[in-house]
Amino acid sequence: MVQAFLLKETSFLDKFSFPVPYAAGKMQKSLRILYLGDIVGKPARKFLGERLPHIREVNNIDLVIANGENATSGAGINLKSIRELKAARVDIITLGDHVLDRDFCTEADEVQDLGKVCMPCNLESKINCPKFVTCEIGGIKVGVCIVLGRQFMKLQASCPFKKFDEMFAKYGNSVDIFTVEIHAEVTSEKIACGWYADGKASLIVGSHTHVQTADDCILPHGTAYITDLGMCGAHRSVIGRDISSVLESFINGTRCKLAIAEEDLRLNGCIVDFDPTTKHPKKISRFVHLA
Ligand SMILES: [Fe+2]
Ligand SMILES: [Fe+2]
């Protein structure tokens with residue numbers, strides 16, 4: 001029987017909660033999350049705006065989470081981009097190591113927009129943005145947090161493993177589905193995070209390297225996992241940037257402006273199905289959408 005789900009907000013602490021419409025006309029066989037990798041620049045934002053509403057509809061997606069750390073000119077995100085992603089029907093935007101590249105908090109005249117944005121929880125900053133975002137879909141509470149890795153990363157983040165323990169102890173019992181994004185350079189750090197949180201987190205996804213990995217799986221203790229979601233942006237590029245600019249930079253050792261590439265746009269991420277009764281992940285699949 002097709003059922004309409006009424007949504008309600010959960011309490012506000014140092015987290016942000018908001019309602020998400022349940023996928024229209026869907027049988028409640030599973031709760032389906034589409035988690036997208038780093039959105040790189042204006043071409044990706046535009047492509048997402050054109051395609052995501054239809055993708056949501058045909059795939060019965062209930063919730064879209066996407067990393068927006070590269071959404072504005074490839075480095076950070078501003079309010080204009082946040083609003084564009086919101087209009088494209090991204091529900092929750094996570095950030096990463098580029099969060100401090102752009103002081104979007106000074107433009108924060110609409111706190112509601114920032115409420116959709118999730119800061120890395122193991123990074124100290126003055127940005128007034130939640131580090132744990134929840135939403136409720138058909139009575140199922142989903143919580144989202146992101147941790148930065150520490151290997152070969154420029155920012156001084158605290159230990160992602162200890163921070164995960166802290167966040168899980170604080171919020172684990174308040175949600176049915178606890179998702180963790182590990183935004184890290186080193187594959188081994190992300191894989192280690194997966195093993196560490198298996199059986200506690202519902203879903204662990206890696207981001208930052210912009211290249212999708214083929215290791216999507218359900219770990220032995222029931223956590224859905226992928227080492228890297230990949231990227232939303234131009235794939236005829238070097239991780240979203242213009243090929244010739246990057247080659248010049250590498251070969252000559254010079255720092256030059258790396259233009260955002262525009263050809264062969266794709267959306268990368270994963271789709272995860274959760275059992276609405278047990279709230280456990282049933283299936284995780286890599287997601288690739290071509291232009
Ligand atoms: Fe990053
Ligand atoms: Fe990135």
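**View 1. I137 in strand β7.** I137 sits in strand β7, residues 133-137; strands here are DSSP runs of E with at least two residues, helices are runs of H or I with at least four, and both are numbered from the N terminus. I137 is buried because 24 other C-beta atoms lie within 10 Å. A residue is called buried if 20 or more other C-beta atoms lie within 10 Å of its own, exposed if 12 or fewer do, and partly exposed in between, with C-beta atoms placed from the backbone. The C-alpha atom of I137 is 8.2 Å from that of L31, although the two residues are 106 apart along the chain.

The model is predicted: local features need pLDDT of at least 70, side-chain atom pairs count only at pLDDT 80 or more, and totals for chains, interfaces and linings use all residues. Residues are numbered from 1 along each chain as its sequence is written, while chains are lettered from A and ligands numbered from 1 in the order in which they are written.

**View 2. The chain as a whole.** The secondary structure comes to six helices and 15 strands. Of the 291 residues in the chain, 48% are buried. Two residues are in contact if their C-beta atoms, placed from the backbone, lie within 7 Å. Among contacts between residues at least 6 apart in sequence, 68% join residues at least 24 apart.

**View 3. R32 in strand β2.** Strand β2, residues 31-36, holds R32. With 21 other C-beta atoms within 10 Å, R32 is buried. Its C-alpha atom is 5.6 Å from that of V272, a residue 240 places away in sequence. Apart from neighbours within four places in sequence, R32 is in contact with N60, I61, D62, I271 and D273.

**View 4. Helix α1, its bend and its cover.** Helix α1 covers residues 41-58, and these 18 residues, at 1.5 Å a residue, should span 26 Å; the end C-alpha atoms are 26 Å apart, which agrees. The expected span is 1.5 Å times one less than the number of residues. At R51 the helix bends by about 40°, and a proline, P53, follows within four residues. The bend at a residue is the angle between axes fitted to the seven residues ending there and the seven starting there. The buried residues of α1 are G41, A44, R45, F47, L48, L52 and R56. Their cover includes β3 (38-39), β4 (63-67), α2 (79-87), β13 (231-234) and β14 (265-274). After α1 comes N60, with a positive phi near 55°.

**View 5. Helices α4 and α5.** Helix α4 (residues 160-171) and helix α5 (residues 187-197) pack at an angle of about 35°, and their axes are 11 Å apart. Axes are lines fitted to C-alpha atoms, for helices over the stretch in contact, and angles run from 0 to 180 degrees between N-to-C directions. The crossing of α4 past α5 is right-handed; P160, F161 and F164 of α4 and C193, Y196 and A197 of α5 make the contact. By class, this contact has six nonpolar, no polar and no charged residues.

**View 6. I182 in strand β9.** I182 belongs to strand β9, residues 177-183. It is buried, with 28 other C-beta atoms within 10 Å. I182 and G96 are 86 residues apart in sequence, and their C-alpha atoms are 9.1 Å apart. Leaving out neighbours within four places in sequence, I182 is in contact with V147, G149, P160, K190, C193, I204 and G206.

**View 7. E248 in helix α6.** E248 is placed in helix α6, residues 243-252. With 14 other C-beta atoms within 10 Å, E248 is partly exposed. L258 is 10 residues from E248 in sequence and 9.6 Å from it in space, C-alpha to C-alpha. Not counting residues up to four places away in sequence, E248 touches T254 and C256.

View 8. F152 is found in the loop between β8 (140-148) and α4. Its phi is positive, near 60°, in a residue other than glycine. F152 counts as exposed because it has 9 C-beta neighbours inside 10 Å. K279 lies in the loop between β14 and β15 (281-290). K279 is not a glycine either, and has a positive phi of about 70°. With 16 C-beta neighbours inside 10 Å, K279 counts as partly exposed.

How values were computed
A crossing is left-handed if the near helix is turned anticlockwise from the far one by less than a right angle, and right-handed if clockwise. Ala, Val, Leu, Ile, Met, Phe, Trp, Tyr, Cys and Pro count as nonpolar, Asp, Glu, Lys and Arg as charged, and the others, Gly among them, as polar.
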